[in-house]
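Hello,

Here is the structure I promised to hand over. Please have a look at it first, and then read my notes below.

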Amino acid sequence: MYAPITLASPRSFYTLRYTSNLEDGSLVICERSLSAAQGMPMVSQSQSFVHGELLSSGYLIRPCEGRGALVIMVDHRNLEASSVPEALRPLYESSTFFAQKMTVEASYHLQAKVQPEMVSLSKKLQQPCNVRSYSQRLCRGFNEAVNTLPDDGWMSLSKDGLGDVTICIKSLSNFRNPTSSSNSLCSTDMGILSVKASLFLQEVSPTMLARFLREHRTEWMDYELNFNYKASFCQDTQTAGLHGSFRQVSLPLTQSADQDESLEVIKLESTGEETNIKSNETFILQLCNGISGTTASGWAQLVFAPVDASLSDELPLLPSGFRIITINNYKDHCSLSRTLDLTSHLEGGSEGCRFHTAGDSDVLSYSSVLTVAFQFKYEAQIRDLVTIKAHHYAQRVLEFIRKAAVLIMPACETSQKERSPSVCSLESKILVYHIVQKYRSFFGLDLFKTETAVNADILFKAFWNHKDAIICCTSKHIPEYVFANQAGLDMLETTAASLPGLPWLKTVPENEKQAAYKDLLQVLQQGYSYMPAGIRISSNGRPVAYERAMAWNVLDSDNSICVVTVMFVNWSFLT
C-alpha cells in the first residue's frame, strides 16, 4: 500500500484470502494477515516498507431480487501508526480518512465498473475504461514518484533533511518521449528523476490551495524544464524564471457525477517568441481531486503529466503534482465558492462567510501536510545538471506555496469591532494580489510599500485604505463596475453593495466618453494606459476632478479574473 506522503513508508501485507459461494447465491471473500505461526512466508522484509496487519476483512456480495446486488465491504487494518512521526499519526489512526481513501474509493471503482459515473466531454475518451485508465495511470505514477521504492529501481541521490527536498533517480532501458510527435524510443542512457518534498501548513484548506495552484500555474511552473529541459540549461540556474510567456486553456475531458474528480487537458499556448520550446502549443493531462467549488474536502490533489496532441492510449505518462491532506479534523469557516460576488463581503450584511470568535466551540486549529513530487526525464551525460535544476525548481515552488498559503489563509478575528468581512474573502484577496502584481509588471513600481509583506491581510488593508481611488470594471463593450477600495467608493458616493448596479455611463461626462473608450481600448491592446486630468460624476451627480489617472489590465492565467483597474490620483469634488 503506497504512502500518501513522503514522510512515511508504504505498508506491506502478507494475507490469506478465502472465497466461497453460499447456498443463497451470495459470494463471500474473506481476507486477513498471516502470522509466522500460521505459515507466513519467510521473506526478508524490505527496509522500504513497514509491515502492517490486515484484520478480518472482506466482501459479501448478495444478489437482490430482480436485478443487481448488494455489496457489503469491511476494511479493518492496523497500519502501525507508531512508526510514523507523531504529527502524522492521525492519518494512520483515523478511521474516517482510511474509509474515505480506501473503502469509499473501492466502492466508487466498483460502481464505475457496473454503471460508469464519469461523463465524457471529449470524443477522444468516449469509453469509461479509457477514462479510468488515464486517471489510474496518473495516480499510480504520482504515487510511484512520492514513494520511489528501491524494489522498483529507484535510488536516492540526496536529502536535505526532514520535510525538505529529496531527489531519487531510476534508470530506464527504454523510454518513450511523452511530448514527441513521433513517439519514438529514446536512448538506453535515459532515466527518470523524482524530486519530492513535504511541507506542513497551518490552517490552510486543501481545497483552496489545490485550486489556487491550478489557477496560477503560470506563476510557479517552469515550462522549459518540463518540456524542453536541454534548452533550459542555457539559462542561469539562479535567474531562470518559473513561468514563461504562456497562457493556459483548459479543455475538460470528464467529470465525476459528484464533481469531486475531473480529468482535463491543459493547452499551453506561447504568447511570445522568447521561449525555446519548439511548438507553440504544449499539452498537459491533468487530474483534479477535491477542488470543486461546492465541497470543502480535507483531501485534495492536482496531478498532471505532459502529453502530445494525439493522447494515445499507449503513451507513457510521467506524472507530477501536489497532494494536500488535513492531518486533524477541522471546520472550514469560509465559503469556498468561486462564484461569490467580489463586493458582497465588504458590507456587514453578507452571510457568505461566517466569522467565529475565539469563544466559539466549533473553531478548531487544524494543520495540513503538502506533498510535492515532480518527475523529469534525463540523459546520463547531463544527469547532474538536471539534478541541480530540478532541486532549485522544487525549492522555488515550495517558496511560492508558502506565500500562497498565507494569501489564502482564512482570517478568524477575535473582536467583532475589528472584523473585516472582505479579509476572509478569497476572491477579494486574489483580486487585490493580481492588481498589485500587474501594476508592478506594467509600470515598474510598487503600488504599496507594504506589498512585499507576506501577510495578505496587510496587503488588502493597504489597498482598502489607499488615498487614491482604485476602481475595477469589466472589459465589456459597456463596462460595469465590480470592485473598488474605500476611496473609490467615496469618490463615486456609493457603497460596495451598490457599486455593481451603478451604470458606468452615468459616471462619465458626455464630453469625455470618447476619450474614456479610447483609454479602455488602449488598455486592452497594450495592457495599460496613462490618462490626463479629467472629470467623473458621482452617483449623486456631483462632478469629481482628478489630477491624473492610470489604468491597467488585470488578467490571470485561466481568465477567471478579467477586469480593468483605474487609479484616480488626487481626486476631489468640485462642488
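Phe374 and Tyr393 are both buried (under 20% relative accessible area with a 1.4 Å probe, protein chains only; exposed is over 50%, partly exposed in between). This is a predicted model, in which local features need pLDDT of at least 70 and side-chain atom pairs pLDDT 80 or more, while totals for chains, interfaces and linings use all residues. Residues are numbered from 1 along each chain as its sequence is written, and side-chain values use heavy atoms, without hydrogens and water.

The rings of Phe374 and Tyr393 make a tilted aromatic pair, 5.1 Å centre to centre with 35 degrees between the planes. Phe, Tyr and Trp rings (for Trp, the six-membered ring) pair if their centres lie within 6.5 Å; planes under 30 degrees apart are stacked, over 60 edge-to-face, and the rest tilted. Phe374 is in strand S18 (residues 367-379) and Tyr393 in helix H7 (residues 383-408), so the pair ties together parts 19 residues apart in sequence. Helices (H or I, at least four residues) and strands (E, at least two) are DSSP runs numbered from the N terminus.

Tyr439 and Trp552 have ring centres 4.9 Å apart and planes at 70 degrees, so they are edge-to-face. Tyr439 belongs to helix H8 (residues 426-443) and Trp552 to strand S24 (residues 548-555), 113 residues apart. Tyr439 and Trp552 are buried too.

Leaving aside neighbours within four places in sequence, Leu447 is in contact (heavy atoms within 4.5 Å) with residues including Tyr439, His466 and Met567.

Happy reading!
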